[in-house]
Amino acid sequence: MLGAAGPFLLPHSRAPPERAAPEERRRKVAPLAAVLPVGEEEPLLRGIFEIGKRSCDVVLSARRLRWSPIVPESPAGDSSMAFRVKEEIIEMKDVFSVKLKRRRFVGQKKGGTLLGITIFKCLHKEENKLTDYAIHLNNFSEDHCHLWFRHLKEILNGFQNRPKSLKVFVNPSSHKREASHIYYEQVSPLLKLADIKTDVTVTEYEGHALSVLKECELQAFDGVVCVGGDGFVSEVAHGLLLKAQIDAGKGIDYELTPVRAPIPLGVIPAGTTNILAYTLYGIKHAVTATLHIVMGHIQPVDACTFSTPSRLLRFGFSAMFGFGARTLALAEKHRWMPSNQRKDFAFIKTLADLKTEKCELSFLPLQIPQEDSHENDRKKKGKNKKKGSKDKWHKIQGDFLNVSIMAIPCLCSMAPRGLAPNTRLNNGSMALIVVQNTSRTEFIKHLKRYASAKNQFSFPFVETYTVQEVKVQPRIKSGLDAKENMDLNATTAEESHPWNIDGDLVEASEVHVRVHPQLINLYGVNTDDLESSKATCNCI
């Protein structure tokens with residue numbers, strides 16, 4: 001262990017190598033010009049720490065911390081005895097906490113013998129997984145360690161997107177009732193390590209988070225975090241956006257033009273499917289999700305409004321009408337069953353009783369930018385013109401097994417490519433996927449394709465569209481005679497149908513869905529960029 005070795009305070013102008021102290025020359029500490037490449041920013045501090053039981057020359061700049069073991073000269077001055085040592089580098093953007101390391105006796109909460117500094121960094125591992133990694137810089141000098149500690153804290157405080165205070169919602173009823181355990185055992189320690197203050201609400205009933213958010217002073221927080229499944233995430237996201245409209249004085253009506261959410265939303269997966277978490281992180285892993293929040297990785301995401309002809313139903317990211325909604329509705333009726341069992345039961349039962357929904361779909365295709373439109377016209381030789389003008393509504397009617405409307409790819413373990421693999425998190429469009437009436441066998445083939453690399457839409461009964469708006473208008477069910485049709489004609493508009501909106505059951509009839517580009521920021525990364533982000537990480 002090192003003694004009280006002091007720091008080398010480096011001036012802005014570099015000292016020539018020949019001015020280095022004799023002791024430093026004997027230790028073969030590399031001159032500054034060798035430590036920093038051409039164009040590298042000026043160092044802030046230089047000092048000696050013990051790292052991994054070796055004395056190291058450590059250099060700190062605003063962007064990097066680098067060190068290399070100190071190799072002594074041989075007594076005979078034989079240069080052949082020297083060997084090359086590898087320099088280690090940490091990018092400061094990967095560091096999320098720094099602590100003074102002390103030895104304390106049992107029960108001692110303050111004071112203790114100073115041992116050095118511990119630096120905590122975010123480490124990328126396989127399968128998009130993140131973990132925390134500790135690096136110990138040992139030195140007994142109080143002045144030396146406190147000086148380095150202050151500079152390191154100043155650098156970390158300079159990262160603007162990193163939260164200092166979070167409003168946390170925990171749903172203790174999610175999945176196997178493990179959300180509270182996940183939060184207090186895995187999430188809370190990391191937030192505390194990163195010096196993030198938290199205000200935690202453990203929800204007691206459905207809609208609790210929504211009611212709290214309506215009254216919450218959001219300016220007191222840097223972000224909102226929810227720990228639970230897809231339905232709970234949907235509730236918190238809706239509450240956050242609804243609160244933004246209330247604060248902006250917006251009316252909650254059919255023609256709502258929403259304002260953006262003022263603070264980001266973080267998602268800690270603690271449910272069964274965890275579609276939004278998979279889409280943001282590429283994996284269901286609470287520590288990975290927490291570290292994305294701690295590091296302030298922010299991703300703008302499109303969101304949708306789901307409205308009836310008279311009012312806003314809710315904000316969300318995806319919805320299913322037909323098979324996906326019927327399955328959820330049946331599962332909700334069997335809440336007494338364990339989560340996995342009731343969902344498997346509902347899926348099999350709905351598949352056995354496979355039914356169509358008779359409805360009319362109206363949709364507005366995605367508007368192509370003018371410069372791209374001319375290019376597409378040249379490439380397709382007027383093919384788009386045959387389909388009509390892009391600013392006109394299109395209509396299709398029929399008996400549909402399932403209708404999916406998704407503004408995000410909707411990745412999950414059962415659909416690793418996503419339920420809507422051709423859309424993106426923030427491209428200002430939605431995927432409309434229409435499954436027309438077909439045999440149960442063919443429908444099962446379509447569902448199985450989601451788990452494989454094959455195209456799940458290459459069936460004659462599946463149609464896909466890229467749209468900006470969609471209207472779904474259920475019609476009177478087929479199989480009724482003329483008298484029954486007349487009797488039901490007046491009441492059809494009032495009939496409610498199940499909708500699956502982000503894993504949450506909503507009852508409605510005619511629904512109008514609009515996409516709003518980058519309406520909310522979520523903590524996470526674009527799953528298209530996960531591989532490239534791993535390549536740029538310096539792993540130790």
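**Entry 1: ground rules.** I noted that this is a predicted model, in which local features need pLDDT of at least 70 and side-chain atom pairs count only at pLDDT 80 or more, while totals for chains, interfaces and linings use all residues. Residues are numbered from 1 along each chain as its sequence is written, and side-chain values use heavy atoms, with hydrogens and water left out.

**Entry 2: a cavity.** I searched the whole structure and found two cavities of 30 Å³ or more. A cavity here is a set of points, on a 1 Å grid over the protein atoms alone, where a 1.4 Å probe fits but cannot get out, and its lining residues have an atom within 4 Å of a point. Helices (H or I, at least four residues) and strands (E, at least two) are DSSP runs, numbered from the N terminus.

**Entry 3: helix 4 with helix 8.** I found helix 4 (residues 179–193) packed on helix 8 (residues 286–294) at an angle of about 30 degrees, with the axes 10 Å apart. Axes are lines fitted to C-alpha atoms, for helices over the stretch in contact, and angles run from 0 to 180 degrees between N-to-C directions. The angle makes helix 4 roughly parallel to helix 8, a label for angles under 35 degrees. On the helix 4 side the contact (heavy atoms within 4.5 Å) is made by I182, Q186, V187, L190 and L191, and on the helix 8 side by A286, V287, T290, L291 and V294.

**Entry 4: helix 5 with helix 6.** The axes of helix 5 (residues 208–215) and helix 6 come within 9 Å and cross at roughly 20 degrees, and therefore I wrote these two helices down as roughly parallel to each other. Among the residues in contact are L210 and L213 of helix 5 and F232 and V236 of helix 6.

**Entry 5: helix 10 with helix 13.** Helix 10 (residues 339–352) and helix 13 (residues 440–449) pack at about 145 degrees, and their axes are 11 Å apart. I saw that F347, L351 and A352 of helix 10 meet R440, F443, I444 and L447 of helix 13.

Note on methods. On a 1 Å grid over the protein atoms alone, a cavity is a set of points where a 1.4 Å probe fits but cannot get out, and a pocket is an open set with protein on both sides within 12 Å along at least five of seven lines; lining residues have an atom within 4 Å of a point. Grid points are joined across faces, edges and corners, and a volume is the space filled by probe spheres set on the points. Angles under 35 degrees count as roughly parallel, over 145 as roughly antiparallel, 65 to 115 as roughly perpendicular and the rest as oblique.
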